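Hi,

Here is the structure we talked about, ready for you to open. My notes on what turned up follow below it.

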2 protein chains.
Amino acid sequence: QQLFRVGEDWYFLFILGVLMATISFVMDLLVVRLYEAHRWLYQEVGDILVLKYLSWTMYPMALAAFSTGFSQSITPYSGGEGTPKIWIPPPPGSGIPELKTILTGVVLEDYLAIQNFGAKVVGLTCTLASGSTVFLGKVGPFVHLSAMAAAYLGKMRTSVTREYENKFKQNEMLVAAQAVGVATVFGAPISGVLFSIEVMASHFAVRDYWRGFFAATCGAFVFRLLAVFNSEQDTIAAVFKSDLKIDFPFDLLETFFFAILGAVCGLVGCAYLFCQRWLLAAVKENRLTAKLLATDKPVYTVLVVLLLASITFPPGLGQLMASRLTMKEYLTSLFDNRTWGVLVPNASSVAKPPGVDPQGLWQEWYHPSATIFGTLAFFLLMKFWMLILATTLPLPAGYFMPIFIYGATIGRLLGETVALLFPRGLRSEGDPHHIIPGGYALAGAAAFSGSVTHAISTALLVCEATGHLGHVLPVVLAVLVANAITQKHQPSFYDGTIIVKK
Amino acid sequence: QQLFRVGEDWYFLFILGVLMATISFVMDLLVVRLYEAHRWLYQEVGDILVLKYLSWTMYPMALAAFSTGFSQSITPYSGGEGTPKIWIPPPPGSGIPELKTILTGVVLEDYLAIQNFGAKVVGLTCTLASGSTVFLGKVGPFVHLSAMAAAYLGKMRTSVTREYENKFKQNEMLVAAQAVGVATVFGAPISGVLFSIEVMASHFAVRDYWRGFFAATCGAFVFRLLAVFNSEQDTIAAVFKSDLKIDFPFDLLETFFFAILGAVCGLVGCAYLFCQRWLLAAVKENRLTAKLLATDKPVYTVLVVLLLASITFPPGLGQLMASRLTMKEYLTSLFDNRTWGVLVPNASSVAKPPGVDPQGLWQEWYHPSATIFGTLAFFLLMKFWMLILATTLPLPAGYFMPIFIYGATIGRLLGETVALLFPRGLRSEGDPHHIIPGGYALAGAAAFSGSVTHAISTALLVCEATGHLGHVLPVVLAVLVANAITQKHQPSFYDGTIIVKK
């Protein structure tokens with residue numbers, strides 16, 4: 001009897017972890033299938049440019065419009081039946097700002113209603129399936145989904161045990177749910193807990209941390225396990241496994257470049273946060289867009305996605321932005337352990353393959369007239385405003401993953417530059433220790449995403465997601481530098497969204 | 001002006017990190033020298049058994065007695081000059097229980113007095129130099145030293161800025177100091193912060209966590225940097241670098257064995273905690289030992305160390321316990337990526353080298369008639385009570401490292417057994433995936449130390465200290481299982497000490 005009562009919490013956390021991991025995995029599978037269908041369509045349509053263009057743009061447009069409409073039509077704006085509601089939440093978006101508000105004590109009744117669960121899952125799947133054209137991620141909505149599931153399971157429990165519903169216990173479970181949400185996306189239990197704590201709370205109890213840890217481990221474990229059962233992988237391994245060599249990860253003098261990378265990421269992070277807040281407010285205030293967003297959200301979505309898809313059209317500007325890659329392929333290619341600058345001379349002789357070569361993802365980044373530096377810089381330039389524009393879309397989507405990729409690109413560009421400047425490494429005597437641009441990509445991803453979200457645990461997240469710990473010290477350094485700059489000048493991404501939405 | 005004021009805290013944390021890292025590094029260097037002197041003496045003395053025995057036992061006895069006497073004579077039991085003191089702290093020991101008491105709000109005036117700093121440093125160096133005979137570590141006193149330094153720096157600051165000394169700020173700095181203490185011993189910034197939080201506090205502010213992170217990173221960075229400057233290492237790398245292969249760290253079915261390992265560690269942890277508390281109380285109550293401890297601490301130390309050294313005498317029982325290894329070599333050998341059971345047949349033909357072979361540390365664990373299983377089991381059996389006995393010694397010493405090594409031995413023994421039972425791995429078809437006992441040693445170290453201290457972050461500590469992230473999921477699993485068992489039945493090591501000392 002006693003054991004059962006004590007264990008109850010743990011059963012509950014276990015179920016939550018397993019459930020969310022399964023949903024995450026199935027969603028990933030579906031998204032890959034949908035994306036492959038798009039690729040197949042795009043290639044089968046032949047060489048007629050108009051058809052190619054239509055197949056490229058229509059598919060994400062349809063998916064995004066469906067995602068917007070679906071999540072819109074189901075979620076009722078149930079305007080208060082008796083219960084006093086402080087604020088009716090806008091259902092689309094990331095979900096993290098709203099959760100943060102809930103944890104401070106504000107009651108957002110409908111926000112955790114289980115009715116929205118299905119709509120959010122379907123909507124998110126569609127968003128993700130439109131791929132790197134829309135350039136949105138999965139973390140935020142997944143944290144929201146996880147919180148919904150936790151709230152529902154909590155209600156079920158109280159109805160079974162007939163106990164009074166405890167507010168503290170609810171909050172404890174919400175914190176654990178957030179950790180599960182992050183952990184089941186990246187397969188990273190430890191940093192999942194830390195990230196959710198950093199982003200959500202300003203104080204917390206070590207006892208909550210324990211719960212979060214347990215649930216996140218169950219989640220991450222099952223998530224990786226399913227990949228093994230599905231024969232994707234031989235055994236449990238990191239999600240974005242990198243093969244960076246660990247016997248000599250970096251030279252001491254490179255610390256300097258990592259600090260510069262951190263500073264660059266911090267400055268770009270400030271600019272990004274400023275522009276993002278500005279655009280979010282501008283879209284609300286502009287008469288045309290405000291009207292569209294109030295009445296015809298799908299129309300707004302279609303227009304924006306059409307613009308984004310036109311720019312990323314591969315025969316057009318897209319070839320300068322490696323736009324044929326998926327979000328996951330972006331990351332895998334950027335964390336590549338080879339130095340692209342060295343590979344280029346050999347590659348120019350080989351004809352570019354018609355499809356994406358899984359072994360040579362980096363070739364997508366190569367363009368004969370622009371070189372890899374040109375494409376990386378162009379990608380950064382264009383995606384800066386495209387990403388900000390995408391965050392105004394009224395559909396369920398996460399903004400962490402795009403930020404992560406953006407940061408990795410900054411790091412890769414700087415790393416390739418350093419490798420070009422010092423082809424034999426920084427040491428003048430002895431064996432040459434070549435510079436590994438992949439390590440800079442790791443540090444850049446952690447530093448930029450950390451600076452935008454005001455979190456330090458992204459340093460650990462990068463390590464856990466890639467299974468590579470060799471660069472942990474320079475990565476932490478870059479994250480600290482970037483955070484020091486951004487925390488001084490801008491509110492975090494989530495706080496900024498709360499400010500604008502208020 | 002404003003920048004300077006805001007930055008002040010950061011300068012302060014930076015100085016703390018660098019200072020402690022330097023002390024830690026210099027102490028390590030000194031300890032290695034002192035230990036080498038002992039080894040040299042032991043080998044130079046020739047083959048006369050009596051001389052060998054004397055040189056083996058006298059050296060640690062002298063060091064431990066000096067350590068006891070030195071830290072005793074300097075630290076004044078200053079019995080209250082006006083200020084009300086709740087409890088006069090016993091200066092020797094780990095220091096973590098006392099810090100935990102301070103953080104709950106109890107005033108232990110003398111405990112953070114800078115006068116004790118030098119005594120503690122000298123005492124700790126002597127303790128460590130007596131090596132694996134006494135089998136004590138460095139973490140606890142280092143956390144204490146770091147807290148002393150932080151308190152002193154804080155006083156210096158207030159005397160310069162002429163501000164009122166802020167109690168909250170003091171506590172913030174103490175939390176950061178603990179993180180620095182752990183981080184500069186293991187070179188592990190992230191888990192240093194987490195471990196100190198878990199062990200010390202029940203609640204904490206995310207803002208403290210930031211400070212801890214910054215200071216710990218500075219500390220760990222400088223600590224690793226000094227090793228590079230001293231030409232010990234080529235570049236910044238993990239302290240206990242392991243070469244476990246990461247492309248196939250473990251088979252899925254092995255998860256079961258890792259869970260068993262966790263359960264074993266949890267049970268042994270319970271037994272250890274119970275016996276340790278019992279002995280600590282028994283030593284206080286027994287008339288003879290109580291009298292010795294009250295008046296003639298060095299005598300007590302000498303007697304205990306004589307007993308411990310006699311048992312670990314290499315030509316005697318010591319050869320069954322690999323007693324010629326240092327603490328660091330113990331860990332390095334246990335985390336070895338090779339399977340000892342496979343190496344043994346080749347080794348039996350080779351004659352045992354007279355000294356310790358740095359490349360073949362595992363050979364110390366091999367004994368012709370006892371096999372490696374015999375020596376590992378014997379080591380566990382003997383060190384169980386020897387370690388508990390050593391914790392009663394009245395000298396500055398840490399108890400984390402021995403627990404860590406003990407856990408690694410449990411893991412290695414289980415791993416070697418599994419590897420013996422399944423020589424071709426657990427999978428019947430396809431390529432054989434050999435079992436890596438080193439992975440079990442990692443999990444065992446994390447699980448046992450985690451269960452004794454009631455901390456989960458030891459899982460991350462193991463990964464950071466070895467620079468190996470491939471086993472993170474099974475390690476976390478083992479830690480959770482072990483913790484679930486111990487937290488239910490026993491108070492943590494530090495709480496237990498507080499209970500006994502109260």
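Over all chains, a search of the whole structure turns up twelve salt bridges, a salt bridge being a side-chain nitrogen of Lys or Arg within 4 Å of a carboxyl oxygen of Asp or Glu. Before the details, some housekeeping: this is a predicted model, where local features need pLDDT of at least 70, side-chain atom pairs count only at pLDDT 80 or more, and totals for chains, interfaces and linings use all residues. Residues are numbered from 1 along each chain as its sequence is written, chains are lettered from A and ligands numbered from 1 in the order in which they are written, and side-chain values use heavy atoms, with hydrogens and water left out.

In chain A, A:Glu416 pairs with A:Arg412, with the closest N and O atoms 2.7 Å apart. Both sit in helix α16 (residues 400–421) of chain A, four residues apart, or about one turn of the helix. Helices here (H or I, at least four residues) are DSSP runs, numbered from the N terminus.

In chain B, B:Arg412 and B:Glu416 form a salt bridge at 2.7 Å, N to O. These two lie in helix α15 (residues 400–421) of chain B, four residues apart, and both are buried.

Another one to look at is B:Glu364 with B:Arg324, whose closest N and O atoms are 2.9 Å apart. B:Glu364 is in the loop between α13 (340–347) and α14 (371–390) of chain B, and B:Arg324 is in the loop between α11 (297–311) and α12 (327–334), so the pair ties together parts that are 40 residues apart in sequence. B:Glu364 and B:Arg324 are buried too.

**Cysteines**

There are zero disulfides over all chains, taking a disulfide as a pair of cysteine sulfur atoms within 2.5 Å.

**A helix pair in chain A**

Helix α11 (residues 287–295) and helix α12 (residues 297–311) of chain A pack at about 120°, with their axes 5 Å apart. Axes are lines fitted to C-alpha atoms, for helices over the stretch in contact, and angles run from 0 to 180 degrees between N-to-C directions.

Cheers

Terms used: Buried < 20%, exposed > 50% of the residue type's maximum accessible area, 1.4 Å probe, protein only.
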